[in-house]
Amino acid sequence: MIRVDGLEKEFGSFLALKGLNFHVPKGRVHGFLGHNGAGKTTTLNILAGFSPYGKGSVQIDGMEVRDAKQAVQRKIGYLPEAPQFYEYMRAKELLMYLGRIQKASKLDAGKRAEELLRLVGLESASKRKVGGFSRGMKQRLGMACALVHDPALLLLDEPTSALDPEGRREVLEMIKKLKEAGKTILISTHILSDVERVCDSVTMIKNGTCILDADIAALKEIQGPAGYRIEFVRAIKEAELHDLQSTACISELICEEESCLVKASNEDSEVSLLLAKALSELKIPFHGIQRQERTLEELYIRRMNGYE
Amino acid sequence: MSELIWKECLEGVRRKQVFAIGILLIGFALLSPVMMKALPMLLESQTGSEEIAAAIPVNLRESVRSFAKNIHQIATLLLVYLGAGQIAYERNQRLVFPIHAGLNLRAMIRAKVLVYGGAIIGLTMIATGATILYGMLLLPGSWKPMSIIGWTGLEIGIYLFTAYLIGMLAGSMIRNKVLATVLGSLFLFLLGGIAGFTTFEWIFPTYLMTEANFLIGYWTKPLMGCFLMTVAWCGLMIEAIGWKLNRTNITMQEE
């Protein structure tokens, strides 16, 4: 559905995207991760047909965005991070207006508006002016607006960042439902637990280049055995742990002041015992050793900090 | 197109833009005869000289001239701001959903032109009518008012509509609406200055205000030429605004 090859984008002399590559097959929910300024929103704006690009190719459903902008835009529903609305309109009026733009009759546009308001949980606010909506309500209304023309591809820029936990859960459920309905969804977000809950695959970008493009399930296998977090009684210098690294079960050790993350070389159940023994021998006081399952957050931090 | 016209009407009413134009124009219309009537008394009280006060012509014709002058100076600026502000409002991410739903930006501009153009020209004609009729009650002098209302109102109205379009054009090129208003207004006043130095003054829309000051109730050859040229300028500007907006990144927030 989405194929991005060697994408470059310049803002004056600053190269924001440096040969970005990734692809998203049809019917997938794909997470798009990266720190602030990495180029996520720039990429989404290009995909949505709102921002021109230099070198490279951006294809949506086989169509090059720069060559068939309008046809591409009709296939896309885009929810910006802070969506802007005509504040003087009521929620239902706005959705009906968008429906009428795509030549739906007044009756059909009204039905579609009610259906979408129900979907995003705003049916009780259908007669309220959008200007009085909270940020969370605006985010939901934005989702409804992006869905008015029943697009095959949804681009969501931080869709849950403004929502309370309940609202977030509802939006994630909605994304799951939309996936079941066959939509392809690209989510740009900082909330990694959301990505783990709904995404099938993920792309991580750093400074305008792709540093990871993989399936979530495959990622956990690639990462290998789980890690162990050791909580120390005091702050520990990396040099003090030098001898610990020679312990057979440790393949990698990442120090973080009063704790450290140990990456085991195998899934041996004795690893924590071996670590405790080694720490006692080195006379390093510690509170405990906790096994940590592989999370996307861990992988994200490792990738972003250049550990892998 | 009907949904776009509906949206513009709703926006004009709910954002109170049509009322603002109406209050501005009708306000000037009613104030001009009152100021004209009070001017000699004000001058006399300030200077203490009856001669100076008597030297000021106080009649209906001067009152309407004063109305046209005030409109030229103040309403022009506000209508350039209205046009620039409307484009800034739209391009400030509000077009994201409509464009993906299939909005044609040129059609949107045409809808704005129809609704606001109609409101500006209509309200200017009403205001011109109001200033003449109210002036007839307060001041000496009388003409056949209907033709004056018609021609002067139309001349001022079309000129103000051009100012609104220049505001929109500036707004489509410059993201900041205040800067767009300043540059749009400067362009318009510069145009007036240039027109004054040419023998083809009638090809510029500013000539409409020159004609309005003559208070003639019938059409002249240069006036008709100016009407046609202004229509051509407006058509070009409408297309240019649509063309520019189609090439603008509307996902960026206003600076």
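Predicted model: local features only at pLDDT ≥ 70, side-chain atom pairs only at ≥ 80, totals over all residues.
**Pairs and contacts in a two-chain model**

Student: What N to O distance do the side chains of B:Lys7 and B:Glu11 show in their salt bridge?

Tutor: A salt bridge here is a side-chain nitrogen of Lys or Arg within 4 Å of a carboxyl oxygen of Asp or Glu. The side chains of B:Lys7 and B:Glu11 meet in one, with an N to O distance of 3.2 Å.

Student: Which helix holds both B:Lys7 and B:Glu11?

Tutor: Helices are DSSP runs (H or I, at least four residues) and strands likewise (E, at least two), numbered from the N terminus. The two residues are four apart, about one turn of the helix, and both lie in chain B's helix α1.

Student: Are B:Lys7 and B:Glu11 buried or exposed?

Tutor: With a 1.4 Å probe and protein chains only, buried means under 20% relative accessible area, exposed over 50%, and partly exposed in between. By that scale, both B:Lys7 and B:Glu11 are buried.

Student: How many residues of chain B are in contact with chain A?

Tutor: Contact means heavy atoms within 4.5 Å. On the chain A side 33 residues take part, and on the chain B side the number is 29.

Student: Which residue of chain A forms a salt bridge with B:Arg94?

Tutor: Chain A and chain B have two salt bridges between them. In the one formed by B:Arg94, the closest N and O atoms are 2.7 Å apart, and the partner is A:Glu87.

Student: What angle lies between the planes of A:Tyr86 and A:Tyr97?

Tutor: Rings of Phe, Tyr and Trp (its six-membered ring) pair if their centres lie within 6.5 Å; planes under 30 degrees apart count as stacked, over 60 as edge-to-face and the rest as tilted. The search finds eight aromatic pairs over all chains. The pair A:Tyr86 and A:Tyr97 is edge-to-face, 6.2 Å centre to centre, with a plane angle of 75°.

Student: Which residue of chain B belongs to the aromatic cluster with A:Tyr86?

Tutor: The cluster includes A:Tyr86, A:Tyr88 and A:Tyr97 from chain A. Its member from chain B is B:Tyr89.

Notes
Residues numbered from 1 in each chain as written. Chains lettered and ligands numbered in written order. Heavy atoms only, no water.
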